[in-house]
Amino acid sequence: MSNTQQSLTLQDIYQFFQAPPVIFLNQELTVCYVLSVLLSKGESYGAELVQKLRDDHVGYRLSDTILQSSIRFLEREGMVVSYWKKPAKRGRPRRIYQVVSEKQQKAQDLAQLWRDYIENKSSILSQFSD
């Protein structure tokens, strides 16, 4: 190790877990996350899904590209349908997504994977919050 490199300390490790870097969801997580939101809210649109993740799960982010490819996947699988809806107030129409009623059980199963993932991550991180 050269003199210009800084040595890792135990404090560095604890600080990392107290303020971990932002995690961008991959497509597998995004599919499950989207289903969990749609099941709980009934329907949603893209920007709302992104904002809800930021608000509800600090430290997690969702790129527009992954979100759109995940929604297209869900539509191809026949799990999600979409339609255009004009907001009650001013604004342009939004593409709204909702779970197909015949796919509710499969959607519940996948949404549970998201909830389990978040719960497991939270319990691991809470060990370091002393």
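Q: Does Thr 30 count as buried or exposed?
A: This is a predicted model, in which local features need pLDDT of at least 70, side-chain atom pairs count only at pLDDT 80 or more, and totals for chains, interfaces and linings use all residues. Residues are numbered from 1 along each chain as its sequence is written, and side-chain values use heavy atoms, with hydrogens and water left out. The scale calls a residue buried under 20% relative accessible area, exposed over 50% and partly exposed in between (1.4 Å probe, protein chains only). Thr 30 has 0% relative accessibility, so Thr 30 counts as buried.

Q: Which residues does Thr 30 touch, not counting residues up to four places away in sequence?
A: Thr 30 is found in helix α2; helices (H or I, at least four residues) and strands (E, at least two) are DSSP runs, numbered from the N terminus. Contact means heavy atoms within 4.5 Å. Leaving out residues up to four places away in sequence, Thr 30 touches Leu 25, Leu 62, Ile 66, Leu 67 and Ser 70.

Q: How do α2 and α4 stand to each other?
A: Helix α2 covers residues 27–41 and helix α4 residues 64–76, and they pack with their axes 9 Å apart at an angle of about 65°. Axes are lines fitted to C-alpha atoms, for helices over the stretch in contact, and angles run from 0 to 180 degrees between N-to-C directions. Angles under 35 degrees count as roughly parallel, over 145 as roughly antiparallel, 65 to 115 as roughly perpendicular and the rest as oblique. The two helices, α2 and α4, are therefore roughly perpendicular.

Q: How many nonpolar, polar and charged residues are in the contact of α2 with α4?
A: From α2 come Gln 27, Thr 30, Val 31, Val 34 and Leu 35, and from α4 come Ile 66, Leu 67, Ser 69, Ser 70, Phe 73 and Leu 74. Ala, Val, Leu, Ile, Met, Phe, Trp, Tyr, Cys and Pro count as nonpolar, Asp, Glu, Lys and Arg as charged, and the others, Gly among them, as polar. By class, the contact of α2 with α4 has 7 nonpolar, 4 polar and no charged residues.

Q: How far apart in space are Arg 61 and Leu 25, C-alpha to C-alpha?
A: Arg 61 sits in strand β3 (residues 60–61), and its 19% relative accessibility means that it counts as buried. Leu 25 is among the residues that Arg 61 touches, as are Val 22 and Leu 53. Arg 61 and Leu 25 are 36 residues apart in sequence, while their C-alpha to C-alpha distance is 6.3 Å.

Q: What share of the residues in the chain is buried?
A: The chain has 5 helices and 5 strands. Of its 130 residues, the buried share is 28%.
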